[in-house]
Amino acid sequence: MAKLLYSATMSLDGFIAGPGGDMSWLADHLGANPTVDGLIPQVGSILSGARSFRGDDPHRGTEHEGEAFGGGWEGQQFVLTHHPPAEPVPGVTFAGDLDTAVTAAKAAAGDGYVNVIGADVARQCIEAGLLDEVLVFTAPVFLGDGVRLFDRPGGARVRLEQVQVSALPHCTGIWLRVVG
């Protein structure tokens with residue numbers, strides 16, 4: 001059965017996107033990453049929020065602009081939104097509620113991962129008790145402002161258990177399992 005994995009790269013001060021959703025900062029921190037290379041073939045589908053789907057792209061201006069994992073992955077994507085586009089987008093299904101989106105994404109993922117992209121969708125998955133794992137890469141930069149990796153004012157504590165740690169010159173990764 002598919003597992004939901006929230007993955008992101010964040011600045012050392014906890015932001016996954018800069019002000020206004022700017023992702024250009026990330027281009028300086030991309031590079032060879034064995035953890036990501038091992039994850040990509042395990043991703044069966046992607047579940048993202050509308051802001052992430054329509055948002056900025058760290059690969060802007062390159063041949064991989066608009067492609068998941070910089071062109072390293074192909075498959076079915078599911079976008080949680082109340083405002084789907086008027087025209088269909090090939091390979092993308094739009095869902096208006098979390099349960100519908102997660103059910104469809106898990107079915108498409110088979111025994112692989114549903115890769116959750118977007119802080120708000122990840123927060124919703126945690127609040128619904130649906131998130132299984134978290135993979136975060138910390139880049140050596142302070143952004144100062146933007147979209148936080150996880151923001152849940154007044155929320156309850158979520159316990160995580162370390163699965164794997166990796167260190168590279170351009171980022172440090174930590175893979176965690178949600179335990180309660």
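Biologist: How much accessible surface does the protein have, and what share of it belongs to carbon and sulfur atoms?
Modeller: The area comes from the Shrake-Rupley method with a 1.4 Å probe, and for residues only the protein chains shown count as cover. This is a predicted model, in which local features need pLDDT of at least 70, side-chain atom pairs count only at pLDDT 80 or more, and totals for chains, interfaces and linings use all residues. Residues are numbered from 1 along each chain as its sequence is written, and side-chain values use heavy atoms, leaving out hydrogens and water. The surface comes to about 9500 Å², and the carbon and sulfur share is 53%.

Biologist: Which residues touch the most other members of the largest nonpolar core?
Modeller: Such a core is a set of buried Ala, Val, Leu, Ile, Met, Phe, Trp, Tyr and Cys residues joined through side-chain atoms within 4.5 Å. Here the set has 27 residues. Strand 1 (3–11) and helix 4 (119–127) are among the elements that give two or more residues to this core. The members asked for are Y6, L47, V116, C125 and L131.

Biologist: What does C125 contact, leaving aside its neighbours within four places in sequence?
Modeller: Contact means heavy atoms within 4.5 Å. C125 is one of the core residues that touch the most other members. Its partners are L4, L47, L98, V102, L130 and L131.

Biologist: Is L39 buried or exposed?
Modeller: Buried means under 20% relative accessible area, exposed over 50%, partly exposed in between, with a 1.4 Å probe and protein chains only. L39 sits in helix 1 (residues 34–39). Its contacts beyond four places in sequence are L5, Y113, N115, L135 and W175. With a relative accessible area of 2%, L39 is buried.

Biologist: Where is S166 found, and which residues does it touch beyond four places in sequence?
Modeller: S166 counts as buried, at 17% relative accessibility. It is found in strand 9 (residues 160–168). The residues that S166 touches are T35, F137, C171, T172 and G173.

Biologist: What is the relative accessible area of I117?
Modeller: I117 belongs to strand 6. Leaving aside neighbours within four places, I117 contacts I46, L47, S48, G49 and S52. I117 is partly exposed, at 31%.

Biologist: Is G180 buried or exposed?
Modeller: G180 lies in the segment after strand 10 (171–178). Beyond four places in sequence, G180 is in contact with R157, V158 and R159. Its relative accessible area is 52%, so G180 is exposed.
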